[in-house]
Amino acid sequence: MNIAMIGLGKMGGNMARRLSRGGANVFGFDVSAETRNQLASEEANFQAFASVPELIAALPTPRVVWLMLPSGDISEAAFTEMKSLLAPGDLIIDGANAMYKDSQRHGAELSALNIKFVDAGVSGGVWGLQNGYCLMFGGDQDAADIAKPFMKILAPGADRGWTHTGPAGSGHYTKMLHNGIEYGMMQAFAEGFAMLKAKKEFDLDVAEIAETWRHSSVVRSWLLDLVAESFSHDVELADLNAYVPDSGEGRWSVLESVELGVPAPVMATSLYARFASRGNDDYAMKMLSLMRNAFGGHAMSKK
């Protein structure tokens, strides 16, 4: 079992480790020489290469190349390079958080060159090396069959935590909505714990409540486990900035709901809350204050 992993960041690096420890021969490249060489020093089944062409030349055919790169321009450049380096019968697996329509386009472009394609949604974060990754992947059946042995190594078990979702694009579509659901769940926890913290008259032990909810509660989840673990070290969060970025998939989920005409108010609201955390609503809040003053004479707070 031979596979190339291009992109050895937080996710790609640990995926390369899990594949290597699961018996696959991993050929790895990252723009950081330190990162790729560190992996080579740690893992017996991992070889580091100084360039992508050098890696592709060394990889046995038919080649399996997993791209674990940021979606957008970086991934597009990698696809362009792969099309010039790979041959008919080779397989590209795209593990980026890519827009599913881009994956459909990539699948069609590669099919015209007789290069196989799989789009893989990957969940598990920095804990994937230890716990395994949840994988949802799209592509033709023959491409999926080539990818499955690697998916079984990466997943929590050979019989669970992975699924072939359908044709190209369906893997990233499924992962997009997975992340949209994740946005809503995170927002609900954030709002609930904020209200617990704000109820000063009860002097609630928020960390103890989080730990209690982990056991037999209907809201128990891995997210809650992570919250409880974090609260055991710091419940005040005084050193954190109230700034929450979004990776793109939450936005795409909301746009998809509009295209489908399917209501998704929780996803939409959770996305807008992230926008608000960045000060994007400051002007709107000033306008609210202005209008309250204009019609009701309510006081305005000025700098």
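User: In this predicted model, over which ring does the charged end of Arg-274 sit?

Analyst: The charged end of Arg-274 sits over the ring of Tyr-183, at 3.6 Å from the ring centre. A further case is Arg-278, which lies over the face of Tyr-243, 6.0 Å from the centre of that ring.

User: How is a pair of aromatic rings described?

Analyst: Such a pair is described by the distance of the centres and the angle of the planes. The count here comes to 8 aromatic pairs. In one of them, Phe-193 and Trp-213, the centres are 5.4 Å apart and the planes stand at 50 degrees, so the pair is tilted. Phe-193 belongs to helix H8 and Trp-213 to helix H9, so the pair ties together parts 20 residues apart in sequence.

User: Is Phe-193 buried or exposed, and with which other Phe does it form an edge-to-face pair?

Analyst: Phe-193 counts as buried because its relative accessibility is 7%, under the 20% limit. It also pairs edge-to-face with Phe-231, at 5.4 Å between centres and 80 degrees between planes. Phe-231 lies in helix H10, 38 residues away in the chain. Ring pairs link Phe-189, Phe-193, Trp-213 and Phe-231 into a cluster.

User: Where do nonpolar side chains tend to be in soluble globular proteins?

Analyst: They tend to be buried together. In this model, the largest nonpolar core has 29 residues, and Met-5, Leu-19, Trp-66, Ile-93 and Met-151 have the most contacts inside it. Helix H7 provides the largest share, 7 residues. Another core, of 20 residues, lies apart from this one and includes Phe-29 and Leu-110.

Key: Residues numbered from 1 in each chain as written. Predicted model: local features only at pLDDT ≥ 70, side-chain atom pairs only at ≥ 80, totals over all residues. Heavy atoms only, no water. Core = buried A, V, L, I, M, F, W, Y, C linked by side-chain atoms within 4.5 Å. Buried < 20%, exposed > 50% of the residue type's maximum accessible area, 1.4 Å probe, protein only. Helix = DSSP H or I, 4+ residues; strand = E, 2+ residues; numbered from the N terminus. Phe/Tyr/Trp six-rings, centres within 6.5 Å; stacked < 30°, edge-to-face > 60°. Lys NZ or Arg CZ within 6 Å of the ring centre and 35° of its normal.
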